Amino acid sequence: MLRWIAVFSVTTILFRRGNGGVLQSPILHYEQPSCVGRDCYPELKSRLYQGDILLPEGVDPKNALKIPALLWPDGLVPYSFAKGFKKADKNKILKAMRVIEMETCISFMPKTMLDRTWISIEQKKEAGCYSVIGYRPLPHEGPLTFNLRTPECYESGTIQHELLHVLGLLHEQARPDRDEHVDILWENIDKAYHSDFAKADESFVTTYGVAYDYDSVMHYPKWAFSKNDKDTIRAKNDTERELGQRIGATEGDFEKIRLMYNCKVTNEALLTGNFPLNFVN
Ligand SMILES: [Zn+2]
């Protein structure tokens, strides 16, 4: 019975994806970083909410993590590429999608005529790396913007970071409990950027009980938005500790997505038949 469910589910996923999104296995989850230093965080330059989150009118971003209506129905995320995308850039994005899919129950799929809401992946030169946060329920219809300017937005960790915003993750240091784990050094932050360090209201968001993750691909680096080259965020117990990275999503990042979307089993388990012991059909 279990095997039948698995085969059916995988078949359904493959069928819905078409040519652009066939699952590939095995998959390399982490790559050697090709980007080192401050240039690895291009999303900090987009000057949107918390740097790189695009807020549509009438949506309070602080609701993003807790309200089911802002989650993609059935964890299915249709996407389209703008015309003129370079194949190499497209492949990097598809690869980042596959990484998230394997560790969760999320599926990114090429948009079909039946999809009324989808992410439109663009490369506008005048914009940086940014994305919407979460899904927009009806009456919204149409594309949701997702922009990755070339070449700076194409490190695997940066792409995964933006895709995790699409799924509903905010920045790690915006968690309601962040003050227990990090100090914000306001004196080193330009006033114009203070709002980027806003803490999310715990009546609207949840951590899903996942431990604070200093290495999260969603965490700002320790020097983010510094006006004087001094630290702006420091780990409480280790002030020298680096924060965040843009190599790839961590187990904590994936765990939040699995809990957010109530994943019973990951796509990787479906493909390999390696189900967790607590899997119940
Ligand atoms: Zn971000």
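UniProt, in an unreviewed entry, places the feature "active site" at E162; positions from that record are given in the numbering used here, feature names are shortened, and annotations may be inferred rather than shown by experiment. The model is a predicted one, in which local features need pLDDT of at least 70 and side-chain atom pairs count only at pLDDT 80 or more, while totals for chains, interfaces and linings use all residues. Residues are numbered from 1 along each chain as its sequence is written, and side-chain values use heavy atoms, with hydrogens and water left out.

E162 is found in helix α3, residues 156-167. Helices (H or I, at least four residues) and strands (E, at least two) are DSSP runs, numbered from the N terminus. With a relative accessible area of 0%, E162 is buried; buried means under 20% relative accessible area, exposed over 50%, and partly exposed in between, with a 1.4 Å probe and protein chains only. Leaving aside residues up to four places away in sequence, E162 touches E43, D52, C129, Y130, S131, F146 and L148, where contact means heavy atoms within 4.5 Å.

The protein as a whole has five helices and eight strands. Along the sequence these follow the pattern α-β-β-α-β-β-β-β-α-β-β-α-α. Of the 281 residues, 53% are buried. Among contacts between residues at least 6 apart in sequence, 80% join residues at least 24 apart.

Two packed helices are described by the angle between their axes and the distance between the axes. Axes are lines fitted to C-alpha atoms, for helices over the stretch in contact, and angles run from 0 to 180 degrees between N-to-C directions. The axes of α2 and α3 come within 9 Å and cross at roughly 60°. That makes α2 oblique to α3; angles under 35 degrees count as roughly parallel, over 145 as roughly antiparallel, 65 to 115 as roughly perpendicular and the rest as oblique. The contact is made by K92, I93, A96, M97, V99 and I100 of α2 and by I159, Q160, L163, L164 and L167 of α3. These residues divide into nine nonpolar, one polar and one charged. In this scheme Ala, Val, Leu, Ile, Met, Phe, Trp, Tyr, Cys and Pro count as nonpolar, Asp, Glu, Lys and Arg as charged, and the others, Gly among them, as polar.

Helix α2 (residues 87-103) also meets helix α4 (residues 251-260), at an angle of about 65° and with the axes 9 Å apart. The two are therefore roughly perpendicular to each other. Here V99, I100 and E103 of α2 meet E251, F254 and R258 of α4. This contact comprises three nonpolar, no polar and three charged residues.

Helix α4 is mostly covered, with seven of its ten residues buried: G252, D253, F254, K256, I257, R258 and M260. The buried residues of α4 pack against α2 and α3. After α4 comes N262, whose phi is positive, near 50°.

C263 lies in the loop between α4 and α5 (267-272). At 17% relative accessibility, C263 counts as buried. Its C-alpha atom is separated by 5.4 Å from that of C105, 158 residues apart along the chain. Not counting residues up to four places away in sequence, C263 touches T104, C105, I257 and R258.
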